[in-house]
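This briefing is written for a reader who has the sequence and the model at hand. Please look over both before reading the points that follow.

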Amino acid sequence: MSLKELAMKLEDFAKARDWEKYHSPRNLLLAMIGEVGELSEIFQWRGEVEKGLPNWEESEKEHLGEELSDVLLYLVRLADICGIDLSHAATKKIAKNAIKYPPN
């Protein structure tokens with residue numbers, strides 16, 4: 001699913017529940033920050049973890065996926081409400097970073 005399709009799905013979800021009135025940029029940002037906090041708690045006392053999380057239980061990975069999804073969904077909704085094409089903005093940012101940080 002593309003980010004655009006995800007944004008449309010989120011818009012439909014909010015409309016169906018009459019939540020659009022609550023989806024101001026500020027409110028969405030604060031909600032996303034709350035979710036980033038929940039995501040941070042998962043890693044808080046683990047120290048460094050290996051790529052792929054080989055020592056994690058499946059239930060822990062599922063919980064991580066849920067928290068990552070919460071952050072993503074709020075980010076996509078925030079970008080949409082602000083009129084930002086997130087795919088386009090991210091692509092431009094990667095190109096800028098490639099110039100700013102060329103490979104050695």
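The lining of the second largest pocket holds six nonpolar, two polar and three charged residues; here Ala, Val, Leu, Ile, Met, Phe, Trp, Tyr, Cys and Pro count as nonpolar, Asp, Glu, Lys and Arg as charged, and the others, Gly among them, as polar. The model is predicted: local features need pLDDT of at least 70, side-chain atom pairs count only at pLDDT 80 or more, and totals for chains, interfaces and linings use all residues. Residues are numbered from 1 along each chain as its sequence is written, and side-chain values use heavy atoms, with hydrogens and water left out.

**The second largest pocket**

- The volume of the second largest pocket is about 180 Å³. A pocket is an open set of points on a 1 Å grid over the protein atoms alone, where a 1.4 Å probe fits, with protein on both sides within 12 Å along at least five of seven lines; lining residues have an atom within 4 Å of a point.
- A volume is the space filled by probe spheres set on the points, and grid points are joined across faces, edges and corners.
- The residues lining the second largest pocket are Leu3, Lys4, Ala7, Val76, Ala79, Asp80, Gly83, Ile84, Asp85, Leu86 and Ser87.
- Two or more of these lining residues come from each of α1, α3 and α4 (86–100). Such elements are DSSP runs numbered from the N terminus, helices being H or I with at least four residues and strands being E with at least two.

**The largest pocket**

- The largest pocket has a volume of about 250 Å³.
- Its lining consists of Leu10, Phe13, Ala14, Trp19, Tyr22, His23, Leu28, Glu35, Asp70, Leu73, Tyr74 and Arg77.
- The elements giving two or more residues to the lining of the largest pocket are α1 (3–16), α2 (25–43) and α3 (58–81).
- Helix α3 contributes the most to the lining of the largest pocket, with four residues.
- By class, the lining of the largest pocket has eight nonpolar residues, one polar residue and three charged residues.

- Arg77 belongs to helix α3.
- Arg77 counts as buried because its relative accessibility is 4%; buried means under 20% relative accessible area, exposed over 50%, and partly exposed in between (1.4 Å probe, protein chains only).
- Apart from neighbours within four places in sequence, Arg77 is in contact with Leu10, Glu11, Ala14, Glu20, His23 and Leu28, where contact means heavy atoms within 4.5 Å.
- Arg77 and Ala7 are 70 residues apart in sequence, and their C-alpha atoms are 6.0 Å apart in space.

**The nonpolar core**

- In soluble globular proteins, nonpolar side chains tend to be buried together.
- Nine residues make up the largest nonpolar core: Leu28, Met32, Leu39, Ile42, Leu53, Trp56, Leu64, Val71 and Leu78. A nonpolar core is a set of buried Ala, Val, Leu, Ile, Met, Phe, Trp, Tyr and Cys residues joined through side-chain atoms within 4.5 Å.
- Helices α2 and α3 are the elements that give two or more residues to this core, and α2 gives the most, with four residues.
- Met32 is in contact with Val71, Tyr74, Leu75 and Leu78, leaving aside its neighbours within four places in sequence.

**Loop residues**

- Leu53 lies in the loop between α2 and α3, and Leu53 is buried because its relative accessible area is 13%.
- The phi of Leu53 is near 50 degrees, a positive value in a residue other than glycine.
- Trp45 is also placed in the loop between α2 and α3, but Trp45 is exposed, with a relative accessible area of 76%.
- Trp45 and Trp19 are 26 residues apart in sequence and 35 Å apart in space, C-alpha to C-alpha.
- Asp18 is found in the loop between α1 and α2, and Asp18 counts as partly exposed at 49% relative accessibility.
- Although Asp18 is not a glycine, it has a positive phi of about 55 degrees.

**The chain as a whole**

- The secondary structure of the protein chain comes to four helices and zero strands, in the order α-α-α-α from the N terminus on.
- The protein chain is more spread out than a compact globule because its radius of gyration is 17 Å, well over the 13 Å that the globule rule gives for 104 residues. The radius of gyration is taken over C-alpha atoms, and the globule rule is 2.2 Å times the number of residues to the power 0.38.
- Along the principal axes, the C-alpha atoms of the protein chain fill a box of roughly 40 × 40 × 25 Å.
- Of the 104 residues in the protein chain, 18% are buried.
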